[in-house]
Amino acid sequence: MKCDFIITTVGLLVLATVALGLENGLARKPPMGWMSWERFRCITDCKKYPDECISEQLFMRMADLMVSEGYLEAGYDYVNIDDCWLSMDRDASGRQIADPTRFPSGIKHLADYIHSKGLKFGMYQDIGTKTCAGYPGMKGFFEIDAQTFAEWDVDFIKIDGCYADELEMVNDYILFGELMNKTGRPILYSCSWPVYQEYNGIIPNYEILKNTCNMWRNWGDIEDSHSSVETITRYFSDNQERIQPHSGPGHWNDPDTLVLGNYGLSYEQSKSQLAVWTVLAAPLLLSNDLATVTPEVRSLLLNRQIIAVNQDILGIQGLLVKTINRIEIWKRPILPRVKDELTQAIAFVSRRADGAPYAVSVKLVDDLGLSNSTYIKGYDVIDLFNADRKPFFVRADSHFETRINPTGANFYKFVPKLNIILRGITDIDN
Ligand SMILES: *[C@@H]1O[C@H](CO)[C@@H](O)[C@H](O)[C@H]1NC(C)=O
């Protein structure tokens with residue numbers, strides 16, 4: 001018996017090590033920050049568009065705003081360059097170089113500037129022969145590029161998968177990850193190979209993903225519209241049984257950037273994207289012009305209670321659990337745990353566009369799957385989009401009613417409340 005126990009324990013330890021994934025210590029919570037692609041794309045004409053072109057000025061301006069507008073303080077700490085930063089040619093020694101007119105001070109200088117603000121610095125490259133926008137990719141240059149990123153003090157790297165051989169792609173991502181590891185600099189590794197495989201009808205190998213990458217793009221690029229947000233959301237709910245188990249501390253599914261603060265989403269639709277991304281434990285990377293975000297949308301992005309749900313240390317990705325009359329109910333377990341029951345963050349996401357706010361009434365046990373344990377008397381409900389509203393108590397055996405604006409979302413936290421009679425024998429974590 002004793003011998004069996006030891007063998008089993010050793011077996012479990014080995015399994016546990018494998019299942020833990022990439023061990024660079026990064027992304028224990030979903031990464032937060034800012035990234036250029038969705039808003040600024042590949043604007044390279046700095047004469048015509050001086051405030052929008054992909055240039056050191058843009059990233060310095062955004063870094064300043066990350067601090068002055070309160071984003072850094074709220075937890076958004078990465079400033080990431082996406083595509084179109086490169087010069088069309090490598091230098092004589094094969095090193096990648098930034099476009100000299102748009103990045104005249106060089107990348108190391110930009111990294112130093114961003115670090116001096118207390119922020120972290122992210123960059124972009126591609127595993128194939130070219131980046132998606134046609135700049136020189138890394139194929140054939142993995143070692144020197146890994147070395148260069150480390151010398152530039154890069155903290156985050158997104159590696160895209162355009163112009164890559166489908167059969168070599170995964171091994172190339174693994175190899176580049178190993179080469180980055182060898183530089184000795186911990187660099188958060190964001191991979192894109194699942195998107196390319198999914199588009200070709202291939203199911204990604206999630207065990208390899210977890211052991212290679214800190215996060216990965218599951219599906220296509222987000223655009224500045226509610227329908228784009230809905231399409232990505234639908235991919236995540238349609239495939240949730242398959243992809244949800246693989247997300248967790250150190251390795252996250254990534255539905256792409258938040259587009260709040262741009263042209264395409266109404267205020268209600270902004271709440272919808274933020275609520276769904278929070279339930280999905282998604283990285284919160286903003287892609288907008290921080291200078292023109294309205295105060296209303298800015299306060300959504302800086303909502304401390306919602307950020308705390310996104311950053312919950314259990315790191316469990318939530319699920320679409322029910323749809324009632326085109327109101328989707330999304331649920332994510334978070335701390336605190338009361339007795340054996342976790343708190344639940346629950347978003348009611350409207351797929352309705354018909355006229356008036358739509359009321360749904362749900363049973364806590366049957367519809368929301370909340371416990372009817374004798375230890376739990378009910379729930380303290382916190383309205384996450386209305387920070388001023390006092391928490392209110394709802395009995396476990398009762399209904400909960402909420403009214404959602406067209407295309408919007410309501411978002412609550414249900415904190416289990418102990419049956420007072422039993423309090424003497426119970427305990428609360430965190
Ligand atoms: C490199 O990998 C090893 C083994 O997984 C890990 O312990 C170490 O922290 C990694 N180093 C960096 C810089 O990522």
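His 226, Val 229, Ile 232 and Thr 233 in α10 meet Gln 269, Ser 272, Gln 273, Val 276 and Trp 277 in α12. By class, this contact of α10 with α12 has four nonpolar and five polar residues, and no charged residues. The structure in which these residues are found is a predicted model, and what follows should be read with that in mind.

Two packed helices are described by the angle between their axes and the distance between the axes. For α10, which spans residues 226-238, and α12, which spans residues 267-279, the axes come within 10 Å and cross at roughly 20°. Because angles under 35 degrees count as roughly parallel, that crossing makes α10 roughly parallel to α12. The crossing of α10 and α12 is left-handed.

Another pair is formed by helix α3, residues 56-68, and helix α5, residues 107-116, which pack at an angle of about 10° with their axes 10 Å apart. That angle makes α3 roughly parallel to α5. On the α3 side, the residues in contact are Glu 56, Phe 59, Met 60, Ala 63 and Asp 64, and they meet His 109, Leu 110, Tyr 113 and Ile 114 in α5. Sorted by class, the contact of α3 with α5 has six nonpolar residues, one polar residue and two charged residues.

Helix α6, residues 142-151, and helix α7, residues 169-183, have axes that come within 9 Å and cross at roughly 45°. That crossing makes α6 oblique to α7, and its hand is right-handed. From α6, Phe 142, Glu 143, Asp 145, Ala 146, Gln 147, Phe 149 and Ala 150 take part in the contact, meeting Asp 172, Leu 175, Phe 176, Leu 179, Met 180 and Thr 183 in α7. The residues of this contact of α6 with α7 divide into eight nonpolar, two polar and three charged.

By class, the lining of the largest pocket has six nonpolar, six polar and two charged residues.

The second largest pocket has a volume of about 210 Å³, and 15 residues line it, those closest to its centre being Cys 132, Asp 160, Tyr 196, Arg 217 and Asp 221. Strand β4 (156-160) and helix α8 (193-199) each supply at least two residues of the lining of the second largest pocket, and the largest share, three residues, comes from α8. The lining of the second largest pocket divides into seven nonpolar, two polar and six charged residues.

Met 35, Trp 37, Glu 38, Asp 82, Lys 158, Arg 217, Asp 221, Asp 256 and Thr 257 line the largest cavity. By class, these lining residues divide into two nonpolar, one polar and six charged. Arg 217 and Asp 221 are among the residues that line the largest cavity, and they are also among the residues closest to the centre of the second largest pocket.

Key
Residues numbered from 1 in each chain as written. Predicted model: local features only at pLDDT ≥ 70, side-chain atom pairs only at ≥ 80, totals over all residues. Heavy atoms only, no water. Axes fitted to C-alpha atoms, helices over the stretch in contact; angles between N-to-C directions. Helix = DSSP H or I, 4+ residues; strand = E, 2+ residues; numbered from the N terminus. Parallel < 35°, antiparallel > 145°, perpendicular 65-115°, else oblique. Left-handed = near helix turned anticlockwise from the far one by under 90°. Contact = heavy atoms within 4.5 Å. Nonpolar A, V, L, I, M, F, W, Y, C, P; charged D, E, K, R; others polar. 1 Å grid on protein atoms, 1.4 Å probe; cavity = no way out; pocket = protein on both sides within 12 Å on 5 of 7 lines; lining within 4 Å. Points joined across faces, edges and corners; volume = space filled by probe spheres on them.
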